[in-house]
Amino acid sequence: MIDGNRFAITYTANTNRGSAEIYVDGSLYATLNMYSASLAWQSTWSSGILSGTAPHAIRIVHKSGAVIDLDAVTVYQVPTLPTGINDDVS
């Protein structure tokens, strides 16, 4: 469970890495391909702003390839602006 409305996954990409399915609140949100033609440390994928209220349930599932390599999941609480005109006071 995450208590925020956006998150990022830090991972290592390489030639033997596969893909992972990312589920948010039980629904498939995205598929993250961790393959790279060369080693790439600290690669980052970011979600969009999640709808609904926190907390959210996040599940990451190894889908294909030899391995996946997760380093971190970072949770953010991004302020949302109201509909309409928002200026520097907002």
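Colleague: What is the strand order in the open sheet of 3 strands, and in which sense do the strands pair?

Modeller: The order is β3-β2-β5, and the pairing is antiparallel. β3 and β5 (58-64) stand at the edges with a single partner strand each, so one side of each has no neighbour in the sheet. On average, neighbouring strands of this sheet are turned by 25 degrees against each other, direction ignored; the axes are lines fitted to C-alpha atoms, for helices over the stretch in contact, and angles run from 0 to 180 degrees between N-to-C directions. Please keep in mind that this is a predicted model: local features need pLDDT of at least 70 and side-chain atom pairs count only at pLDDT 80 or more, while totals for chains, interfaces and linings use all residues. Residues are numbered from 1 along each chain as its sequence is written, and side-chain values use heavy atoms, with hydrogens and water left out.

Colleague: How do you know that β2 and β5 pair?

Modeller: Strands are DSSP runs of E with at least two residues, helices are runs of H or I with at least four, and both are numbered from the N terminus. Two strands pair if DSSP finds at least two bridges between them. Strand β2 (residues 19-24) and β5 have 6 bridges in the antiparallel sense, so the pair qualifies. Within it, V24 stands opposite I58, and Y23 has R59 as its bridge partner.

Colleague: What makes β2 and β3 a pair?

Modeller: They too are joined by 6 bridges in the antiparallel sense, and A20 stands opposite L32 in β3. Their hairpin has 2 residues between the strands, and D25 takes a positive phi near 55 degrees there. G26 lies in the loop between β2 and β3, and its C-alpha atom is 7.9 Å from that of I58, 32 residues apart along the chain.

Colleague: How many residues of β2 are buried, and which way do they point?

Modeller: In β2, 6 of its 6 residues are buried. S19, E21 and Y23 point one way, whereas A20, I22 and V24 point the other way.

Colleague: What makes K63 and E21 a salt bridge?

Modeller: A salt bridge needs a side-chain nitrogen of Lys or Arg within 4 Å of a carboxyl oxygen of Asp or Glu. Side chains of opposite charge can pair when their charged atoms come close. The closest N and O atoms of K63 and E21 are 3.4 Å apart, and the pair is a salt bridge. K63 lies in strand β5 and E21 in strand β2, so the pair ties together parts that are 42 residues apart in sequence. E21 has 14% relative accessibility and therefore counts as buried.

Colleague: How many salt bridges does that rule give, and with which residue does R17 form one?

Modeller: The count comes to 2. R17 pairs with D69, the closest N and O atoms being 3.0 Å apart. R17 is in the loop between β1 (6-13) and β2, and D69 is in the loop between β5 and β6 (70-76), 52 residues apart. R17 is buried because its relative accessible area is 14%, whereas D69, at 23%, is partly exposed.

Colleague: Why is the aromatic pair of Y29 and W45 called edge-to-face?

Modeller: Rings of Phe, Tyr and Trp (its six-membered ring) pair if their centres lie within 6.5 Å; planes under 30 degrees apart count as stacked, over 60 as edge-to-face and the rest as tilted. The count by this rule is 2 aromatic pairs. For Y29 and W45 the centres are 6.2 Å apart and the planes 85 degrees, giving an edge-to-face pair. Y29 is in strand β3 (residues 27-33) and W45 in strand β4 (residues 40-46), 16 residues apart. At 35% relative accessibility Y29 is partly exposed, and at 17% W45 is buried. Ring pairs link F7, Y29 and W45 into a cluster.

Colleague: How do you know that R59 lies over the face of Y23?

Modeller: The rule asks for NZ of Lys or CZ of Arg within 6 Å of the ring centre and within 35 degrees of the ring normal. R59 is 4.4 Å from the ring centre of Y23 and lies over its face. R6 likewise lies over the face of Y76, at 4.6 Å from the ring centre.

Technical notes:
Buried < 20%, exposed > 50% of the residue type's maximum accessible area, 1.4 Å probe, protein only.
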